Amino acid sequence: MGSNKGTYEQVPVYESAVVGKAVEHGKPWYQRHRMTFVIFFLVFVLPYFMLKNAVNISPTDLKGDSPEVDDEVFDPNALDMKDYGAKVDIYHIILMYENLKATAVCTPETVLQALFKGGDQGNKKPAEVWVWLSHLDQQQEIFDSLDAYIAENKDKRDVTLRKMYLDFDEMIAGTPFEEFYKTHDMKALGKYGDQNKGNALRLVIVKKYGGFYMDADMLVVNDPSILMDGVAMQGSGVYNNAAFKFSIPDHPVLDIMIDNFIEKYNGNKWGQQGPLMFSRVIKRVIGCKVDTKTHVMTCPNIEAETMMKWGTRQIYPLAWYSGYSMGKSYDFMVTKHKLKFDNPHTTLMIHLWHKHSKLVETRLCREGGHKKYISSFIGIMKEKHCPITTKHVFAIKEGEEGYCEF
């Protein structure tokens, strides 16, 4: 269509519906008073909607919307968590994203699937999967589907899925991290400042509530309740903070880790407050020695219950660079890496290294959709171990928001 710029139609004389006569100057009443409407809108209406819809999101997306108060909301702070942790296995996954992608819910689902399908593998205690979110209303359709899956399998095992509200400042309040982060701005926190906030959160959550923490790109293939308290070794003598378990709150090693995190802080060195800190504390600060046969740790510098060094092949059968190989065939990956999914003591979970594997997933999806995706190792694994989430991911059509986003 051509532009109408510079041309105007003759304004007609309108009949007033109120007084039944022609309006002066050929303009209706609402045009003659338009400035009054504009002023009213700017002064009263616009501020109301701005306040109503305001969302406080920090630059690091570690501050979210406060949940509405509900009498039925689960409040762990009202419980004796030491007693609770002795009776219930708790699994923690942190999903703090301003825009939570559907695929991110895969890890919580793999925990649920593994718990229900574990048979006689685990300890059969009641289990709870706590998914920590800064925005509780995201991907609700998937969470509803997971709740339905739990209801269908309730006769197999007592398992609960909980959405937990997480705000960084609230979580670290009253811990040594509170003062540390008050006195360090983003520049002082360094290149990996945001990543290290995630490293801090996992320590505080497990210290406060006890339980099993795992990163959001872990794929659980067997019942995780078979594991005693312990830490995963990534390989080459490096303990990784992507998977660790201290069932009861206030484990002394976590206090030492928090102190070491702050004392040795270097936000410009990757892993300094993550795997390197775990390795530093376990090996040098508390002086743990590992029995090569039983994998039990003896740590003379702390008084604590038995800890285990989880086997590298059990938790970390795929090294970080394997993320780029996730698009290869299932048979190739199983054979090359000697994966044995039928034995939880050999292969219990896999770190998918999302930073790298998401590139592979996106390429597979865009090149051939669901059909090509499930011809790959990562596609087959997700189709099997988080089928509900994967179904939702591929329900998004081309051109829709979230299509082929991993």
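Which side chains meet in a salt bridge with a distance of 3.6 Å, N to O? They are the side chains of Glu178 and Lys182, in a predicted model where local features need pLDDT of at least 70, side-chain atom pairs count only at pLDDT 80 or more, and totals for chains, interfaces and linings use all residues. Residues are numbered from 1 along each chain as its sequence is written, and side-chain values use heavy atoms, with hydrogens and water left out.

**Overall build**

- The protein chain has 16 helices and 11 strands, both taken as DSSP runs numbered from the N terminus (helices H or I, at least four residues; strands E, at least two).
- Of the 406 residues in the protein chain, 49% are buried, where buried means under 20% relative accessible area, exposed over 50% and partly exposed in between (1.4 Å probe, protein chains only).
- Among contacts (heavy atoms within 4.5 Å) with a separation of 6 or more, 74% are between residues 24 or more positions apart.

- Apart from neighbours within four places in sequence, Ile315 is in contact with residues including Met218, Leu227, Trp310, Leu348 and His351.

**Salt bridges**

- The structure holds 11 salt bridges, each defined as a side-chain nitrogen of Lys or Arg within 4 Å of a carboxyl oxygen of Asp or Glu.
- Glu178 and Lys182 are separated by about one helical turn, because they are four residues apart in helix H7 (residues 176-182); Glu178 is partly exposed at 28% relative accessible area, whereas Lys182 is exposed at 63%.
- Asp250 forms a salt bridge with Lys207, with the closest N and O atoms 2.9 Å apart; Asp250 lies in the loop between strand S7 (238-246) and helix H10 (252-263) and Lys207 in helix H9 (residues 193-209), so the pair ties together parts 43 residues apart in sequence.
- Lys207 is buried, with a relative accessible area of 17%, while Asp250 is partly exposed at 39%.
- Lys372 and Glu367 form another salt bridge, their closest N and O atoms being 2.6 Å apart.

**Surface**

- Tyr324, in the loop between helix H12 (312-315) and helix H13 (330-337), is partly exposed at 47% relative accessibility.
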